[in-house]
Amino acid sequence: MTNLKRILLVDNDSYLRSLLREFLLEDIANIDIDDFPNPQAFLEKNLNFDGYSLVLTDLMMPIMDGFEFGKHLREKLYVGPIIIMSGKFFGIEIDHYRKKFEQEGLTNFYLYGKGINLGNITEMIKELINE
């Protein structure tokens with residue numbers, strides 16, 4: 001029996017969400033991906049997030065951004081890794097968000113710049129879910 005790892009993918013860009021889903025399913029064995037267009041869609045389903053090995057979310061989304069979503073997950077005692085993606089992560093922006101996470105006492109957060117080779121994110125995910 002295989003140890004299936006569940007990934008929660010949240011991104012308001014439907015094209016990127018679909019692309020990431022397809023790429024991850026092809027490149028990482030034994031995963032299942034639940035994807036949602038925004039945090040509210042996930043929260044409205046009232047799904048139990050404890051079953052997720054990893055959360056992959058966009059930073060900039062309407063109503064609730066990835067940072068607020070991550071804080072919400074931590075408040076609900078989700079302790080797994082959270083990767084926050086953004087096209088804005090270049091140099092100083094990365095440092096700004098790392099400091100923001102530290103100031104909030106948030107741990108096990110990872111930042112990923114969209115537009116970077118998708119192979120890099122699969123390697124990061126494999127490492128974080130121990131594949």
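F42 and Y52 are both buried, a term that stands for under 20% relative accessible area, with exposed meaning over 50% and partly exposed in between (1.4 Å probe, protein chains only). This is a predicted model, in which local features need pLDDT of at least 70, side-chain atom pairs count only at pLDDT 80 or more, and totals for chains, interfaces and linings use all residues. Residues are numbered from 1 along each chain as its sequence is written, and side-chain values use heavy atoms, with hydrogens and water left out.

**Burial**
- F42 counts as buried because its relative accessibility is 1%, and F69 is buried too, at a relative accessible area of 0%.

**Aromatic pairs**
- The structure holds 3 aromatic pairs, where rings of Phe, Tyr and Trp (its six-membered ring) pair if their centres lie within 6.5 Å, and planes under 30 degrees apart count as stacked, over 60 as edge-to-face and the rest as tilted.
- The ring centres of F42 and Y52 are 6.1 Å apart and their planes stand at 70 degrees, so this pair is edge-to-face.
- F42 and F69 also form an edge-to-face pair, with 6.0 Å from centre to centre and 75 degrees between the planes.
- One aromatic cluster is formed by F36, F42, Y52 and F69.

**Charges over rings**
- R6 lies over the face of Y52, at 4.2 Å from the ring centre, the rule being that NZ of Lys or CZ of Arg is within 6 Å of the ring centre and within 35 degrees of the ring normal.
- K100 lies over the face of F67, at 4.3 Å from the ring centre.
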